[in-house]
2 protein chains.
Amino acid sequence: MEKRKRSDQMSDEIEERIATGIYPPGMRLDEVELAASFGVSRTPIREALIQLSSSGLVEIRPRRGAIVADIGPQQLWEMFEVMAELEAMCGRIAARRISKEEQAALVAAHEACETAREQNDADMYYRLNEQFHHLIYAASHNSFLQAQAAALHRRLKPYRRLQLRVRDRMNSSFSEHAGILDAILSEQGDLAAERLREHVVVQGQRFADLVSSLPRLNAASR
Amino acid sequence: MEKRKRSDQMSDEIEERIATGIYPPGMRLDEVELAASFGVSRTPIREALIQLSSSGLVEIRPRRGAIVADIGPQQLWEMFEVMAELEAMCGRIAARRISKEEQAALVAAHEACETAREQNDADMYYRLNEQFHHLIYAASHNSFLQAQAAALHRRLKPYRRLQLRVRDRMNSSFSEHAGILDAILSEQGDLAAERLREHVVVQGQRFADLVSSLPRLNAASR
DNA sequence: GATCCTGAAATTGTATGCAATACTGACTTC
DNA sequence: GAAGTCAGTATTGCATACAATTTCAGGATC
């Protein structure tokens, strides 16, 4: 029945809490406290923290405990720069390799986004936007690239959350999606890449600006 | 004095043994055996395996133990496709941002490669080649990109090892390096990107071919 | 001979105990 | 009053013990 191990469940749960801001960047993650709250021993918690540390969501400072990764605007921008390139790559390849079924799915996802936009439902748009992008990753037919893009996407989630409802972002995002979709469907790989890169860079710029205007939790964590 | 934890040392050591082929792809990694051979308990070994699993070098199948990742030619090619893009990105940005000091270091590394080539020292060339590429990563001045490129480079190490001495590879590699260096120094980012991409893709093609001609250890590991 | 039990042995996953290091805060010294 | 010192406490890192699951050998059945 249940095949996964507890440490993996703990990892997912902690990641979820980081992504949703329950555990905000800079927060200390106490092993005993977490263990108690999840009703398990420290071992699976430790293993989960190690996993999250490898994926970058958590920072483990030897003998000094773990904290939720708190990255500055500089590194955030660097990560978006890479994200933009990965997505551009996905788009360029996807334009060549996408199947009819995947085209249909992508169009459907885009139209679903339109619905969310019309209803001005930011949460829904957020989820559907995610789906749209993941479909492009998958359409690259490079499972490793897909995994890398998805991993970095997840890594950036705690920060995306911050500007879910920036004014008018949905509209501009949606029209950018239209351009991207068009380029992919017409097999213009380089154009799709360029538009995706721009789409992500714009987001990244916004996020980095936002974060730099925010106070950091653990300013003196060295 | 010693600030690192044992599990990190174990991780490094096991990674090294994987990279050098002491633990070949597909090999089973028994926790008690490893613990005994390193003179530690299972705990740090398990933590090390989890880390290596996150970076992809090791595959942990729940309740069924860990094995050295054994990827097929298909995924190997996918990984090189991504590696090519990451390196291209490094090169494109590096051409814009490289400092005078970094230019000098890169030229020096290239010249060192030339020496190794003249002496036909494949091992030395291998190391210096690595250094050359890492200098380009660093010159991108995007520490996250640098880390990602380095991580994937490491991930591919066990396979690079396989064709260290392919006939005449040193010469063609070296002349490709010359073209890359030239493009970077003359600030032609797109050209540098294109040449780096090609440089890596050629390698990837060779590796994938080589691996596909090799017998796999754990062909029936499902 | 192949397939299906079945139970012991082996191996992983989790909990707990102990040792080593880092943190805290009162006290001392200047 | 600020900085340094030195116990005492808290927390992490590692070892060990136990539980849960898988693996595998040896028969039984067809």
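User: How many residues surround DNA strand C, and which are the closest?
Analyst: DNA strand C is surrounded by 18 residues, where a residue counts as near if one of its heavy atoms lies within 4 Å of the strand. The closest are Arg6(A), Ser41(A), Thr43(A), Arg64(A) and Arg46(B).

User: Before we continue, what are the ground rules here?
Analyst: This is a predicted model, in which local features need pLDDT of at least 70 and side-chain atom pairs count only at pLDDT 80 or more, while totals for chains, interfaces and linings use all residues. Residues are numbered from 1 along each chain as its sequence is written, chains are lettered from A and ligands numbered from 1 in the order in which they are written, and side-chain values use heavy atoms, with hydrogens and water left out.

User: What is the class make-up of the surface near DNA strand C?
Analyst: There are 11 charged, 4 polar and 3 nonpolar residues. Asp, Glu, Lys and Arg count as charged, Ala, Val, Leu, Ile, Met, Phe, Trp, Tyr, Cys and Pro as nonpolar, and the others, Gly among them, as polar.

User: And which helix gives the largest share of it?
Analyst: Helix 3 of chain A does, with 3 residues. Helix 1 and helix 3 (42-55) of chain A and helix 3 (42-55) of chain B each supply at least two residues; helices are DSSP runs (H or I, at least four residues) numbered from the N terminus.

User: Which side chains have a polar atom by a base nitrogen of DNA strand C?
Analyst: Thr43(A) has a polar side-chain atom 2.7 Å from a base nitrogen, and an N or O atom in the side chain of Arg42(B) is 2.8 Å from a base nitrogen.

User: Now the domains. Where are they in chain A?
Analyst: Domain 1 covers 6-68 and domain 2 covers 73-212, with bounds from an automatic or database domain assignment. Their centres, taken over C-alpha atoms, are 28 Å apart.

User: How much area do the two bury between them?
Analyst: About 620 Å², 53% of it on carbon and sulfur atoms; this is the accessible area (1.4 Å probe) lost on putting the two parts together, summed over both. Glu15(A), Ala19(A) and Leu57(A) supply 52% of the area that domain 1 buries there, more than any other three residues.

User: How many salt bridges cross that interface?
Analyst: The rule, a side-chain nitrogen of Lys or Arg within 4 Å of a carboxyl oxygen of Asp or Glu, finds 1. Glu15(A) forms a salt bridge with Arg154(A), with the closest N and O atoms 2.7 Å apart.

Definitions and conventions. Polar contact = N/O pair within 3.5 Å; in protein donor to acceptor, adjacent residues only side chain to side chain.
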